[in-house]
Amino acid sequence: MKFFLKYSLLLIPFVLLTSFKPDLKPQKANKELKWYSWNEGYEKAVKEGKIVLVDAYTDWCGWCKRMDRDTYSDSAVIKKINDNFVPIKFNPEIADASYKVGDQTYNPEQLYRMLTRGESTGFPTTYYIYPKKMGIFIDPGYKDAKAFLTVLDMAIAESKR
């Protein structure tokens, strides 16, 4: 009986240790941006109190494609956007779309005019919309990841003022 008790006490920690299998897989960081449509993303940003990041692009724009490839694929950019913004892709050349802002509905040309404040900004242009303040910050042109991170930090700082 003493023999059984002695070995049972030794076996219990062994059984417990070998049966415990920790999840050794690293937590998968979100390595992609989830781009929203205007109607879904704008509403989400308003509800969550986040900044709307609008990437205005066209299908023919080479710099837009380069920004997608080089900037929006950077892990630091992805993390910062996922944490602080609701990203929206907006192509003003899609003719049959409609966009809601509050109880108003706009066609692509009207929304683009509203975003640009009637001025030509070219493509790509990134718009930062602050729904709580009803404010907007316009950042035209291609940015590499390093420059874009600086602009994202400025947009975040502006939202806290």
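## Aromatic pairs

The structure, a predicted model, holds 9 aromatic pairs. Here rings of Phe, Tyr and Trp (its six-membered ring) pair if their centres lie within 6.5 Å; planes under 30 degrees apart count as stacked, over 60 as edge-to-face and the rest as tilted. One of the pairs is that of W60 and F123, which is edge-to-face, with 6.0 Å centre to centre and 85 degrees between the planes. This pair links distant parts of the chain: W60 is in the loop between β1 and α3, and F123 is in the loop between α5 and β5, 63 residues apart. Helices (H or I, at least four residues) and strands (E, at least two) are DSSP runs, numbered from the N terminus. W60 is exposed, at a relative accessible area of 60%, and F123 is partly exposed, at 22%. For these words, buried means under 20% relative accessible area, exposed means over 50%, and partly exposed is in between (1.4 Å probe, protein chains only).

The rings of Y72 and F148 have their centres 5.4 Å apart and their planes at 80 degrees, so this pair is edge-to-face. It also links distant parts of the chain, with Y72 in the loop between α3 and α4 (75-84) and F148 in helix α6 (residues 145-159), 76 residues apart. Y72 and F148 are both buried. Ring pairs join W35, Y72 and F148 into a cluster.

## Basis of the values

Residues are numbered from 1 along each chain as its sequence is written, and side-chain values use heavy atoms, with hydrogens and water left out. Because the model is predicted, local features need pLDDT of at least 70 and side-chain atom pairs count only at pLDDT 80 or more, while totals for chains, interfaces and linings use all residues.

## Salt bridges

Side chains of opposite charge can pair when their charged atoms come close. A salt bridge is counted when a side-chain nitrogen of Lys or Arg is within 4 Å of a carboxyl oxygen of Asp or Glu. The structure holds 12 salt bridges. In one of them, the side chains of D55 and K89 meet at 2.5 Å, N to O. D55 lies in strand β1 and K89 in strand β2, so the pair ties together parts that are 34 residues apart in sequence. D55 is buried, with a relative accessible area of 3%, whereas K89 is partly exposed, at 21%.

K89 also meets the side chain of D68 in a salt bridge, at 2.5 Å, N to O. D68 is in helix α3 (residues 62-70) and K89 is in strand β2, 21 residues apart, and the pair links distant parts of the chain. D68 has 32% relative accessibility, so this residue counts as partly exposed. Another salt bridge joins R113 and E109, at 3.1 Å, N to O. Both R113 and E109 lie in helix α5, 4 residues apart, about one turn of the helix. R113 is partly exposed, at 45% relative accessibility, and E109 is exposed, at 52%. Salt bridges that share partners join D55, D68 and K89 into one network.

## The disulfide

A disulfide is a covalent bond between the sulfur atoms of two cysteines. The cut-off used here is a pair of cysteine sulfur atoms within 2.5 Å. A search of the whole structure finds 1 disulfide. The link is between C61 and C64, whose sulfur atoms are 2.4 Å apart. With 85 degrees about the S-S bond, the link of C61 and C64 is right-handed. C61 is buried, at 4% relative accessibility, and C64 is buried with a relative accessible area of 4%.

## Helix α2

Which residues are buried in helix α2? In this helix (residues 38-48), they are W38, G41, Y42 and A45. Seen down the axis of α2, its buried residues fall within an arc of 95 degrees, so they line one face of the helix. The arc is that of the directions from the helix axis to the C-beta atoms.

The buried residues of α2 pack against β1 (51-56), β2 (85-90), β3 (99-101), α5 and β5 (125-130), where contact means heavy atoms within 4.5 Å. After α2 comes G49, whose phi is positive, near 70 degrees.

## Helix α5

In helix α5 (residues 108-116), the buried residues are P108, L111, Y112, L115 and T116. Seen down the axis of α5, they fall within an arc of 125 degrees, so they line one face of the helix.

At the start of α5, a side-chain oxygen of N107 reaches to within 3.0 Å of the backbone nitrogen of E109. R117 follows α5, and its phi is positive, near 60 degrees.

How values were computed:
A polar contact is a pair of N or O atoms within 3.5 Å; within protein, one must be able to donate a hydrogen and the other to accept it, and residues adjacent in sequence count only if both atoms are side-chain atoms.
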